[in-house]
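Morning, everyone. I'll take you through one structure today, piece by piece. Have a look at it first.

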Amino acid sequence: MLPINETMGQYSELFMLLAAGTYTVAFIAFAWDLAKSSKTLRAVDLKAAELSGADAARVPVAAGVGASAGAVDRAEADVAGPAGRAERPTSAGGAGNAAGIGLTADGDMRYAAERRVPARVAVALTVLGAAIHAAGVITRAIGAGRVPWGNMYEFLTTGAFVAVAVFLLVLVRRDLRFLGTFVVGLAIVMLVAASVAYWTPVGHLVPALQSYWLIIHVSIAVLSSALFTLTFAMSALQLVQSHRQKTIAAGGADKLGFMRLVPNALSLENLSYRINAIAFVGWTFTLMFGAIWAEKAWGRFWGWDTKEVWTFVIWVVYAGYLHARATRGWTGTRAAWLSIVGYLCVVFNFTIVNQFFNGLHSYSGL
Amino acid sequence: MSERVNEKKNLPANGSKRTGTKAATPASPVAAAKAEAVLPALGPMGMLRWAWTQLTSMRTALFLLLLLAVAAVPGSLFPQRPANPANVTQYIKDNPDYGKILDALQLYDVYSSVWFSAIYILLFISLIGCVVPRAIAHYKAMRSQPPRTPARLSRLPEYGTLVIPADAGIPASSAISDAAGLLKKRGYRVDVRDADGARPSLGAERGYLREVGNLVFHTSLIGVLVSVAIGGLFGYSGQRILVEGDTFVNTLVGYDQFSPGTNFQSSQLQPYSVQLDKFQITFDRESQGKVGQPIDFKADVTTKESPDAPAQKEVLKVNDPLTLGGTSMYLTGNGYAPVVTIRDGAGNVALQGPVVAKLQGDNYYSSVVIKVPDAKPDQLGFQGFFLPTALVTDQGVSYSGDPELFNPRLTLNSFYGDLGLDSGAPQNVFEMDIKKLTPLNARNLDVGGISLAPGTSYTLPDGKGSISFDGVKRYIGVDIHHNPGQLYALIFALLAVAGLVTSLYVNRRRVWVRTGTHEDGRTMVEYGLLARGEDHRLAGESAAIRKLLAGAWKLDDGSQSAPSGTADNGRADATLPGNPTADFIPSSAGSSESKKDQ
Ligand code: HEM
């Protein structure tokens, strides 16, 4: 057992505050990007509307959802019924040429040609924040002489870092910058909650947690939770977007202009399915490794302890989500709701269950 | 079921096993149609079949899954009997108005309740009902050739065309065999049709493992459940407290508490032994706010596999159980055991040895109960506290200031009379019923209570005897478990994960290629791809195949620079004047229209 280094612990807390500050600026930049881009997009739409005249009602849809006209057609076919459902493209089609498309991510969420300065600033700031945050997590680990996930404070600070890091990693391949306000906002909330409500000085682990399973089990749980966080945000946006698409298609006014920056509902659903599939495998491992650890620690691999119950519930809900995607009438909005319910269970498991339900997992450090 | 039927019914649905119940299987159109039907006016057999179809439908499975999630929740809201029966009793006492009702609803035994069992048994029946036909269907599919080439490849989600110039000298027949070779190398099962005809074609398929993975995953879930059941039938568990120097022998009498599985036989117990030599605790002296918390427990033990086996030194720690004779021994508790000698009124030693003190508060503040049934003429009883580092507040309340033995104190009240042990009813060793006893020493009596430091002794009033506090030992609580299902559960769980990953990440794809010769001598090639199930990389595969084909025929594939592989690409080619036939390379109008008319 390594000795405790209080100085490192204090540095760590300083880094966490700095990171939260940097994230706050990044948050503002992301919000600015949403506002600015939606304005630009509307201008482009209006212009296109003037040019095409007759087709005016249709253009905003295509532009707003930032996907090809083809994708929109398919999305509509999707609503049409089982036959259409079978046609739901799982490999998104080609890029479209609708007005304003250059500004937004396309249906496949690849980066578009146009530069969005505020978004770039926001991402740069998030990277800076994440670097400081990483320093905070590492100094915490050095200070405590072990992995930095042994109590609520550490779960939150490390969890927030992983969420941001996973977001940044996905950004390398896909343009999910429209999720920036959400992910960075959540990281700020987690850091603030950690520092205000759950602050715990650096300390040793209780014997129950001294196991390499802590490293394996918890790291996978945190990683999966970070992925579930992304899909939660995407599913929520999917619901809003699908509502907006329907309104526009029915000739209603587009009251949610900022959603122009967000890809269409079907693209959101497809990508969140792919991420949820990865996260579900991760959660399966979390559950299994948890069971193996429980066997090592308590002599039974499953005992319906409160924490075990909720981990199981989450697993079943996401299994339900995967099944929903394969069940007629359950794709789209209902699947999105399942993904949201699953995430609410994740949050519940982490907050309420850790603090208020007593079970064998009394390690919240409170 | 003939290949042809399979092909015809399934293809337009875009290779989706997602279309319905078990649409992936050849038998499925029928099943799907049935699932749709309203309650039919059928005989009993018909009803049964109808119920079975309902039960094994995807929708029911989804419903049962979500129901299972909901049903698991109350177990975390209410105290559960298997975990802690005392909490349940207390809960019912605290909530007299509805506590009993909850009990009637089995809310304190959620995971063995009728309703919870019903849900998961239905779920697993549904699962079996789904897995078996699917396994049979897939077995057939794996042994049959890829499906017939569709008439209009352009309807497929990925479609493209290539044109080989007339002077390249590659006729339609060799073009198709080239394509076949390339696809085989890419891991496809390939079937060439009409090789020497005017319009040779091939059908290719890969990714059969996807369905295998899915079947393995679902079957393994059943395996896990069965393993758990085996553990419940043949396993056992028990508890024992061991003071330093004590030896546990794995026989029924060796246990303080024992819970056998339904089919347990005492001959299952191997008479190994474990002696606790020494138990050490390291306390935190560094962490802010956590000083005095234990950070390491270490029990040195001597074990023997059997009575005559050689002794072995081993270490038992938290998270690091001992394994012996098919069982595992876990360190689950610890505390202090003050060693006392008690003499009775006749001057004889009535009790001598360590007394296990039960943890009550911070810093090993523990309660002590000593029953001395052998004392004569009167049985003696003691009740009080043990404090490893005794301190007293300004108000005169004693507390323990540290978990280590810096100032150990034993503070007791004493009683004499009938302990009630002779009635034969089992008693909790940590509790004493003092109602029928007469107090000898107590704080509120003139003689006061007893307070002993190690090495001191006290003579009881009225010549009832004496007590001496000789020293302090540590004790540990161990759990012993034997679960024969455990290994199988692990194996099935690993299989499940392997199956899951396979079924999520192996893509099942079909490719068809058709070639033909244009009037002007060019060789026209069209191809189409179809995924079965989720496959976001189908476009990539299409592009890759296009590249391979173009490379093999040394075509300068102009469209390569554009994002290739998308259907539009190929269709641009298709507008070439003078297509051999309309359905071979259809008109450009085909693309979005044909999607809808399916
Ligand atoms: C009640 C009986 C069940 C039936 C009839 C059933 C049926 C199916 C089917 C047909 C698929 C394939 C979906 C597709 O191809 O897109 C599937 C996938 C899946 N099932 Fe089930 N299932 C059942 C129970 C369960 C249970 C109890 C679980 C775990 C809680 C589970 C977890 C999954 C998962 C995670 C997948 C997605 C991975 C894959 O495609 O293999 N299933 N199930």
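A word on terms before we start: a helix here is a DSSP run of H or I with at least four residues, a strand is a run of E with at least two, and both are numbered from the N terminus. Keep in mind that this is a predicted model.

Let's begin with chain A. How many helices and strands does chain A have? There are 11 helices and 0 strands. Read along the sequence, the pattern is α-α-α-α-α-α-α-α-α-α-α. Chain A has 366 residues, and 62% of them are buried. Now take the contacts in chain A with a separation of 6 or more. Of these, 80% are between residues 24 or more positions apart. The accessible surface of chain A is about 14000 Å². Carbon and sulfur atoms hold 69% of that surface.

Next, the iron. Which residues coordinate the iron atom of the ligand? They are H323(A) and H218(B), each through NE2, at 1.8 to 1.9 Å. So this pair crosses between chains, as you can follow on the helices. H323(A) sits in helix 10 of chain A, residues 306-324. H218(B) sits in helix 10 of chain B, residues 208-234. Why is the arrangement called octahedral? Because the 6 donor atoms around the iron atom subtend angles of 79 to 179°. For reference, ideal angles for six octahedral donors are 90 or 180 degrees.

H323(A) has 19%, so it is buried. H218(B) has 13%, so it is buried too.

On to chain B and its sheets. One open sheet has 5 strands, in the order 1-24-23-3-2, with antiparallel pairing. Which strands stand at the edges? Strand 1 (158-164) and strand 2 (189-193) do. Each has a single partner strand, so one side of each has no neighbour in the sheet. The twist averages 15° from one strand to the next.

Look inside that sheet. G203(B) stands opposite W512(B) of strand 23. A helix packs on this sheet as well: helix 9 of chain B, residues 172-185. Helix 9 touches strand 1, strand 2, strand 3, strand 23 and strand 24 (523-532). The direction of helix 9 makes about 165° with that of strand 23.

Another open sheet in chain B has 4 strands, in the order 5-7-8-9, again with antiparallel pairing. Strand 5 (247-249) and strand 9 (312-316) stand at its edges. Each has a single partner strand, so one side of each is left without a neighbour. Neighbouring strands here are turned by 30° against each other on average, direction ignored. Strand 5 is joined to strand 7, residues 273-283, by 3 bridges, and the two run antiparallel. F248(B) has V274(B) in strand 7 as its bridge partner.

One last stop: Q54(B). This residue lies in helix 3 of chain B, residues 44-55. Q54(B) counts as partly exposed, at 23% relative accessibility. How far is Q54(B) from L331(B), C-alpha to C-alpha? The separation is 49 Å, and the two are 277 residues apart along the chain.

Methods. Residues numbered from 1 in each chain as written. Chains lettered and ligands numbered in written order. Predicted model: local features only at pLDDT ≥ 70, side-chain atom pairs only at ≥ 80, totals over all residues. Heavy atoms only, no water. Pairing = 2+ DSSP bridges. Axes fitted to C-alpha atoms, helices over the stretch in contact; angles between N-to-C directions. Contact = heavy atoms within 4.5 Å. Buried < 20%, exposed > 50% of the residue type's maximum accessible area, 1.4 Å probe, protein only. Areas by Shrake-Rupley, 256 points an atom, 1.4 Å probe, with all protein chains shown as cover. Donors = N, O, S within 2.8 Å, 3.2 Å for Na, K, Ca; no water. Tetrahedral: all angles 85-135°; square planar, octahedral: opposite > 155°, others 65-115°.
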